[in-house]
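Please read it with the structure open alongside.

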Amino acid sequence: MLASLGIRGPCQSDREVRDSVDVRLLQHTPDPQLAVAVAARLCYAPVGAAELMEAMDDEKAERVLRTIMTSGHFSALEHASYTFAIDGVSRALTHQLVRHRVASYNQQSQRYVAFVDEPCFIVPPSIEADPAVREAFDAANAASFGAYRCLMESGIPAEDARYVLPNAMETKIVVTMNMRELLHFFELRCCKRAQWEICDLALRMLDLVEPTAPYVFMDSGASCRRGPCREGKMTCGGPYPRAPKRE
Ligand SMILES: Cc1cc2nc3c(=O)[nH]c(=O)nc-3n(C[C@H](O)[C@H](O)[C@H](O)COP(=O)(O)OP(=O)(O)OC[C@H]3O[C@@H](n4cnc5c(N)ncnc54)[C@H](O)[C@@H]3O)c2cc1C
């Protein structure tokens, strides 16, 4: 059916779906732990941040970070930020992502980008697992995209034609979050209670940032990584995939 519409089929398998997620760390504060440690230390120092920066070695920075991370005085974490390029995710995912308000976003526009080329539709694993369901899913997406093309060919502007496009359609987004927001985002979205696609994205983002600031991110993730699950009766009851590291 897709071929008859002249468009490429959606991602073909669960493996391909998961591999279609392309998240890259575009840039971050050059020495995030140092920036945070200096900002935190300034509160109690008689000298300025530039002087503290010169005097701050790894051992001192680690002591300050330990205090921050155990006390929960997280405001200094806002001095380090991270920018991610995220491709190959669904509109269903980005709708959830942008609910995180303490972040900056730019997303590929469905007003200014007219989709004439082959779209990719993100296929949830539950749908992928059943060939009959998958066929119905593909048919629905193909019908939506066919309707979109009809509307565009009839002169309807892209900003209106896009109303028929499905949540499954692939999109691209750039996100900048500071370290404090990342910890919060990971706590909510690395949790197994989170929807599978955003959970997968959050775990990938955590893998990317952890090496840049291991002392801050070592225990980051769902709340059960640091203590009892905070989801109450909604708990999954299962073990978190990343074991705690902080002593
Ligand atoms: C498992 C799961 C299920 C969900 N289900 C639903 C659902 O069914 N329906 C739905 O609508 N949403 C749902 N959400 C989204 C959720 O309600 C939040 O909108 C989303 O997780 C963003 O969280 P946040 O507001 O804490 O983050 P951010 O917006 O990034 O804010 C970070 C923190 O800043 C502070 N903050 C930000 N803005 C304000 C403000 N205006 N006033 C005071 N403090 C502020 C808060 O402390 C907040 O926690 C779900 C989220 C998860 C993880």
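## Overall make-up

Two residues are taken to be in contact if their C-beta atoms, placed from the backbone, lie within 7 Å. On that basis, among contacts in the chain between residues at least 6 apart in sequence, 75% join residues at least 24 apart. The model discussed here is predicted, and its chain has 11 helices and 4 strands. Of the 247 residues of the chain, 30% count as buried.

## The sheet

The 4 strands form an open sheet, in which the order is β1-β2-β4-β3 and the pairing is antiparallel. Because β1 (22-28) and β3 (103-107) stand at the edges, each with a single partner strand, one side of each is left without a neighbour in the sheet. On average, and with direction ignored, neighbouring strands of this sheet are turned by 20 degrees against each other.

Within this order, β1 and β2 pair in the antiparallel sense over 6 bridges, with F84 in β2 as the bridge partner of L25 and D22 standing opposite D87 of β2. Strand β2 (residues 81-90) also pairs with strand β4 (residues 170-178), again in the antiparallel sense, over 8 bridges. Here the bridge partner of I86 is I173 in β4, while V89 stands opposite T171 of that strand. In a regular strand the side chains alternate between the two faces of the sheet.

## Helix α2 and its surroundings

Helix α2 is largely enclosed by the rest of the structure, because 10 of its 11 residues are buried. These buried residues are P32, Q33, L34, A35, V36, A37, V38, A39, A40 and R41, and they pack against β1, α3 (49-55), α4, α9 and α11.

One of these neighbours can be described in detail: helix α2 (residues 32-42) and helix α4 (residues 58-71) pack at an angle of about 70 degrees, with their axes 9 Å apart. That angle makes α2 roughly perpendicular to α4. The contact brings Q33, L34, V36, A37, A40 and R41 of α2 together with A61, V64, L65 and I68 of α4, and by class it has 8 nonpolar, 1 polar and 1 charged residues.

## Helix α9 across the sheet

Helix α9 (residues 179-189) lies across β2, β3 and β4, and runs at about 125 degrees to β4. Its buried residues are M179, E181, L182, L183, F185, F186 and R189, and these pack against α2, β2, β3, β4, α10 (196-209) and α11 (214-217).

The C-alpha atoms of A222 and F185, 37 residues apart along the chain, are separated by 9.2 Å.

## The ligand shell

Around the ligand are the residues R99, H100, R101, V102, E181, H184, L188, R189, R193 and A194. By class, this shell has 3 nonpolar, 2 polar and 5 charged residues. Two of its members, E181 and R189, are listed around the ligand and are also among the buried residues of α9.

R134 is found in helix α7 (residues 131-153). It counts as partly exposed because it has 18 C-beta neighbours inside 10 Å. Not counting residues up to four places away in sequence, R134 touches V123, I127 and E128. The C-alpha atoms of R134 and P124, which are 10 residues apart along the chain, are separated by 9.4 Å.

Terms used: Residues are numbered from 1 along each chain as its sequence is written. This is a predicted model: local features need pLDDT of at least 70, side-chain atom pairs count only at pLDDT 80 or more; totals for chains, interfaces and linings use all residues. Two strands pair if DSSP finds at least two bridges between them. Helices (H or I, at least four residues) and strands (E, at least two) are DSSP runs, numbered from the N terminus. Axes are lines fitted to C-alpha atoms, for helices over the stretch in contact, and angles run from 0 to 180 degrees between N-to-C directions. A residue is near a molecule or strand if its C-beta atom, placed from the backbone, lies within 6 Å of it. Ala, Val, Leu, Ile, Met, Phe, Trp, Tyr, Cys and Pro count as nonpolar, Asp, Glu, Lys and Arg as charged, and the others, Gly among them, as polar. A residue is buried if 20 or more other C-beta atoms lie within 10 Å of its own, exposed if 12 or fewer, and partly exposed in between; C-beta atoms are placed from the backbone. Angles under 35 degrees count as roughly parallel, over 145 as roughly antiparallel, 65 to 115 as roughly perpendicular and the rest as oblique.
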